[in-house]
Amino acid sequence: MFTLLMTLAALAQPAPQVPDAPVSLNPRYMEMADSADYYIERSLWADAKRCTVEALRADPANFSNSLLLSNLGMINLNLDEPQDAVDNFTLGLEIAPSSTTLRSNRARAYLYMNQLQKADEDLRILLERTPDDPWALKMHGIITASKNPEEGLAVLQRIAEPDVDTRLAMASLQHRMGHDDEAELIYSALTEDSASEEVLQTAAVFHLLKEDYSRAGDELRRAIELNPRNGNLYLLRAYLHEQCHEKSLAEIDKKMAIENNADLQLVEALFPSKKRKK
C-alpha cells in the first residue's frame, strides 16, 4: 500500500469533468437528458444510465451526444463498468475529438483499469493542449516514475501548486532515489500543514524505515488520535515498540491491531526481517 503506483486508483478518483447540458429540439431527448441529470445529482446510477441511453436513442445524430456520452461514461464508472465507460468516451471523442473533458475522463477510466500506457497516451495529448494541467501532470508524472523515477519527479515538480497526493508521491520518489533529506523536508512540511491520517501514517513508515523511532512514534500517536479504529496504526506502533525492546507495549498494540482489523501482512510486507525472526 505504500508503493508509488498503488496510489493510482485513489489519485484517479477526483470527480470527472462534467460537460455542459446537451441541447435538442426533440422533446423526448430533452426529457430523458433532464431526467438523467436528476438521477446523476442523486447518485442513482442505474436510473441515470437508463435515461441517458433513452436520450441517445431519441436523437442519435445530435452533435450534443458527445456530452451525453461523457455523462454515460461517468455513470458506467460509478457502476464499476470501466470498459463500457472507455467505449462511451471513445465514441464521444469520435464526435468531438478536441474535447479535453472526454479525453481526461477516458484517461481516468484507463487508470481505473490499470491500463497505464493507454492512460498516458491520453494524458500526453492533454498536456500538449494544456501544459500546466495539474491533474494530467500528476498522473503522467506518477506513470513515468514507474519506469524512470527521476523523470517522473521532474514532471511532478512542474506543478505550480501540488496537492497533498502529489507531495506524497514526490516524497516517495525522493526516498526511492536515495534522497532522504529531500524526502524529509516534504514529510516535515506535510505533517505540519496537512496532517491527515494518511500523511501521518506515510510519514511514520518513512521514519520507521530510517529508524527514527521518536519521530515515527509521534506521528503514529497523532494519526491514532485522528482515527483510533485504524488497526494498521497500532500494528506499526507495535513494530516500533519491539524495535525499542518494549515488549509489553508491543503486545498491547498487537492486540489493539487485531481488534481493529489490521492487515496482519503489513509488517511482513514493509519489514521482511520480522518474518525471518519468527
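# A tour of some helices

Guide: Just after helix α12, E211 takes a positive phi of about 60°. The model is predicted, so local features need pLDDT of at least 70 and side-chain atom pairs count only at pLDDT 80 or more, while totals for chains, interfaces and linings use all residues. Residues are numbered from 1 along each chain as its sequence is written, and side-chain values use heavy atoms, with hydrogens and water left out.

Visitor: What makes α12 a helix, and what span does α12 have?

Guide: A helix here is a DSSP run of H or I with at least four residues, numbered from the N terminus. α12 has 13 residues. From first C-alpha to last, α12 reaches 18 Å, close to the 18 Å expected at 1.5 Å a residue. The expected span is 1.5 Å times one less than the number of residues.

Visitor: Which residues is T52 in contact with?

Guide: Contact means heavy atoms within 4.5 Å. Leaving aside neighbours within four places in sequence, T52 touches A36, L68, L72 and I75.

Visitor: How do you know that α12 is mostly covered?

Guide: Ten of the 13 residues of α12 are buried. Among them are V199, Q201, F206 and H207.

Visitor: What tells you where the buried residues of α11 lie around the axis?

Guide: The buried residues of α11 (residues 180-193) are D180, A183, I186, Y187, L190 and T191. Seen down the axis, they fall within an arc of 125°, so they line one face of α11. The arc is that of the directions from the helix axis to the C-beta atoms. The face turned away from the buried side carries exposed D181, L185 and E192.

Visitor: What do the buried residues of α11 pack against?

Guide: They pack against α10 (164-176), α12 (197-209) and α13 (213-226).

Visitor: How are the buried residues of α13 placed around the axis?

Guide: The buried residues of α13 are Y213, A216, E219, L220, A223 and I224. They cover an arc of only 135°, which puts them on the same side of α13. Exposed S214 and E225 are on the face turned away from that buried side. The buried residues of α13 pack against α11, α12 and α14 (231-243).

How values were computed: Helices (H or I, at least four residues) and strands (E, at least two) are DSSP runs, numbered from the N terminus. Buried means under 20% relative accessible area, exposed over 50%, partly exposed in between (1.4 Å probe, protein chains only).
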